[in-house]
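The sequence and structure are shown first, and the description follows.

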Amino acid sequence: MSEGNAVKHETSPVTEVVDRTEWAQMMTDDEYYPFLVKKDLRPAIWRWQDVAERFDAVLKDPLRNADRRFISLVHGDTGEAGGVFPSIFLGIQGLNPGEHIVAHRHNSYALYHILQGEGYSVLNGKRFDWKRGDTFACPPMAFHEHINTGTEVAIQYVIQDMPARAMERNLIWEEPVGNVFHMVEGNRPQDL
Ligand SMILES: [Fe+2]
C-alpha cells in the first residue's frame, strides 16, 4: 500500500509520555549471578492427620457462591510464589455428598487424582465420571465443574501450575462464567 493510502488510527488516550522508568535496572555478571542464587528448599512433609483437621472444618463451612472447599499445601520456603514448590500448586479439594462446584476456568492447568468418593466432572461440555484411584487432566482455559454423586465426602488431590503463572503476572481466571479477571493487585473483582 502506498503511503498516501495509509489508514490513520487514533491511539488510545495518552495520560503520560514516558522517558525513563527507575525500575528498569541493569547488572554486570558479578552482580547478577549472586542475585540469581535463591534460598534452598528444605524437604517438607504434610501429615494427613494435620490436613484432615483443617479439611474437616472447611467441609462444615457454608459454601459461598462459586467457592470451593480447598486446603492448599504451601511450602514456607517458596516465599511469594506460595506453592508446594515455587512453580507447583498442590491442594486437597472436598465435595460433600450431592455437592456441585459450579463451572469456572483459568489459564493454569489442573490435574486431579481421586483419593476418595465418586462423582463426575464436566470439562468443556464433556462429562468424565470418576471414583477413587482415577486421574483426569483439565487443560488451561477449559471450563470445569465437579459433582459428588456418592454418599461419602469426595476428595480430590489437585496439582496446578498456578504459582508459576502468578509469578509471571500471567494468571487469568473466569469466575463466575463471563467474569474474566487478571490475578494481579487491583484487577481482581473485589478490587474493582
Ligand atoms: Fe479450577
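Strands β1 and β2 pair in the antiparallel sense over 5 bridges. Two strands count as paired if DSSP finds at least two bridges between them. Helices (H or I, at least four residues) and strands (E, at least two) are DSSP runs, numbered from the N terminus. The model is predicted: local features need pLDDT of at least 70, side-chain atom pairs count only at pLDDT 80 or more, and totals for chains, interfaces and linings use all residues. Residues are numbered from 1 along each chain as its sequence is written.

**The sheet containing β1 and β2**

An open sheet of 5 strands has the order β1-β2-β9-β4-β7, with antiparallel pairing. Because β1 (69–73) and β7 (135–138) stand at the edges with a single partner strand each, one side of each is left without a neighbour in the sheet. Direction ignored, neighbouring strands of this sheet are turned by 25 degrees against each other on average. Helix α2 (residues 48–60) packs on the sheet and touches β1 and β2, and its direction makes about 155 degrees with that of β1. Contact here means that the C-beta atoms of two residues, placed from the backbone, lie within 7 Å. Axes are lines fitted to C-alpha atoms, for helices over the stretch in contact, and angles run from 0 to 180 degrees between N-to-C directions.

Strand β2 (residues 89–95) is joined to β9 (residues 154–160) by 7 bridges, and the two run antiparallel. Since 6 of the 7 residues of β2 are buried, this strand is largely enclosed by the rest of the structure. A residue is buried if 20 or more other C-beta atoms lie within 10 Å of its own, exposed if 12 or fewer, and partly exposed in between, with C-beta atoms placed from the backbone. Several individual bridge partners are listed below.

| Residue | Bridge partner |
|---|---|
| Ser-72 | Gly-91 in β2 |
| Gly-91 | Val-158 in β9 |
| Leu-95 | Ala-154 in β9 |

**The other sheet**

A further open sheet consists of 6 strands in the order β6-β5-β8-β3-β10-β11, again with antiparallel pairing. Its edge strands, β6 (126–131) and β11 (180–182), each pair on one side only. Within it, β5 (residues 118–123) and β8 (residues 144–148) are antiparallel partners over 5 bridges, and Leu-123 stands opposite His-144 in β8.

**The chain as a whole**

The protein chain has 3 helices and 11 strands, and along the sequence they follow the pattern α-α-β-β-β-β-β-β-β-β-β-α-β-β. The UniProt record, an unreviewed entry, places the feature "domain: Cupin type-2" at residues 93–154; such annotations may be inferred rather than shown by experiment. This span is 0% helix and 63% strand, and its end C-alpha atoms lie 8 Å apart.

The radius of gyration of the chain, taken over C-alpha atoms, is 22 Å, whereas a compact globule of 192 residues would have one near 16 Å. That globule rule is 2.2 Å times the number of residues to the power 0.38. Along its principal axes the C-alpha trace spans about 70 × 50 × 30 Å. Of the 192 residues, 18% count as buried.

Val-7 lies in the segment before α1 (29–36). Val-7 counts as exposed because it has 5 C-beta neighbours inside 10 Å. From Val-7 to Gly-91 the separation is 84 residues in sequence and 52 Å in space, C-alpha to C-alpha.
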